[in-house]
Amino acid sequence: MQLPELVSCAKGVGTRRLVEAWQSWRKGRIVPLKSAMDLRDVRMFLPWLGLLELGDADIVRARLAGTALRDVFGIDMTGRNLKRITRQEDWARRNAPSRSLFNQPCGSIFRCTKPLADGKMAPYETVALPLD
């Protein structure tokens, strides 16, 4: 089973590559196993890669956060619970997409504009894909 609409929705080369790699890791499963993940497939985009692990309702831990994410957000998120680095009023909105991936195996693409360290605004695209 392929999810071609997810691939076609990805605008960025890195986002598209990650979706294609995730598809290949599935090996016929709805959701790929963590052990099937081969980071060599996306090595040129590792600085932009973040892996989140969901725990209880208020725990979304960044298991891996690439150096480019640190540069964009101004904080190293590796090992941290995102709730602790998210404004309280933003937590429910930020937590909901992660929970939806946990409750049903689907992928999502999010686009926005983020300020860079020099004050310029840059387009930002991220994809969220579940692992089992």
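## Briefing on the predicted chain

The chain contains four helices and four strands. Their order from the N terminus is α-α-β-β-α-α-β-β. The radius of gyration is 15 Å, close to the 14 Å that the globule rule gives for 132 residues, so the chain is as compact as a globular protein of that length. The model is predicted, with an average pLDDT of 83 over the chain.

**Confidence**
- A pLDDT of at least 70 is reached by 94% of the residues.

**Dimensions, burial and contacts**
- The C-alpha trace spans about 40 × 35 × 25 Å along its principal axes.
- Of the 132 residues, 30% count as buried.
- The chain exposes about 8,600 Å², of which carbon and sulfur atoms supply 55%.
- Among contacts with a separation of 6 or more, 40% are accounted for by residues 24 or more positions apart.

**Nonpolar cores**
- The largest nonpolar core has twelve residues: L6, V7, L18, V19, A21, W22, W25, M37, V42, L49, V127 and L129.
- Both α1 (4-9) and α2 (13-26) supply at least two residues of this core, and the largest share, five residues, comes from α2.
- Another core lies apart from it and comprises eight residues, including A62, A65, L82 and Y124.

- The salt bridges of the chain number ten.
- E53 and R63 form one of them, with their closest N and O atoms 2.8 Å apart.
- Since E53 belongs to strand β1 (residues 50-54) and R63 to strand β2, the pair ties together parts that are ten residues apart in sequence.
- E53 is partly exposed, at 31% relative accessible area, and R63 is also partly exposed, at 45%.
- R111 and E125 meet through their side chains in a salt bridge with an N to O distance of 2.8 Å.
- R111 lies in strand β3 (residues 108-115) and E125 in strand β4 (residues 121-128), so this pair ties together parts that are 14 residues apart in sequence.
- R111 counts as partly exposed at 42% relative accessibility, whereas E125 counts as buried at 18%.

**Salt-bridge network**
- A network of salt bridges links R87, E89, D90 and R93.
- Within this network, the side chains of R87 and D90 meet at 2.8 Å, N to O.
- R87 counts as exposed, with 54% relative accessibility, whereas D90 counts as buried, with 16%.

Notes:
Residues are numbered from 1 along each chain as its sequence is written. This is a predicted model: local features need pLDDT of at least 70, side-chain atom pairs count only at pLDDT 80 or more; totals for chains, interfaces and linings use all residues. Side-chain values use heavy atoms; hydrogens and water are left out. A nonpolar core is a set of buried Ala, Val, Leu, Ile, Met, Phe, Trp, Tyr and Cys residues joined through side-chain atoms within 4.5 Å. Buried means under 20% relative accessible area, exposed over 50%, partly exposed in between (1.4 Å probe, protein chains only). pLDDT is the predictor's confidence in each residue, from 0 to 100. The radius of gyration is taken over C-alpha atoms; the globule rule is 2.2 Å times the number of residues to the power 0.38. Contact means heavy atoms within 4.5 Å. Accessible areas come from the Shrake-Rupley method with a 1.4 Å probe; for residues, only the protein chains shown count as cover. A salt bridge is a side-chain nitrogen of Lys or Arg within 4 Å of a carboxyl oxygen of Asp or Glu.
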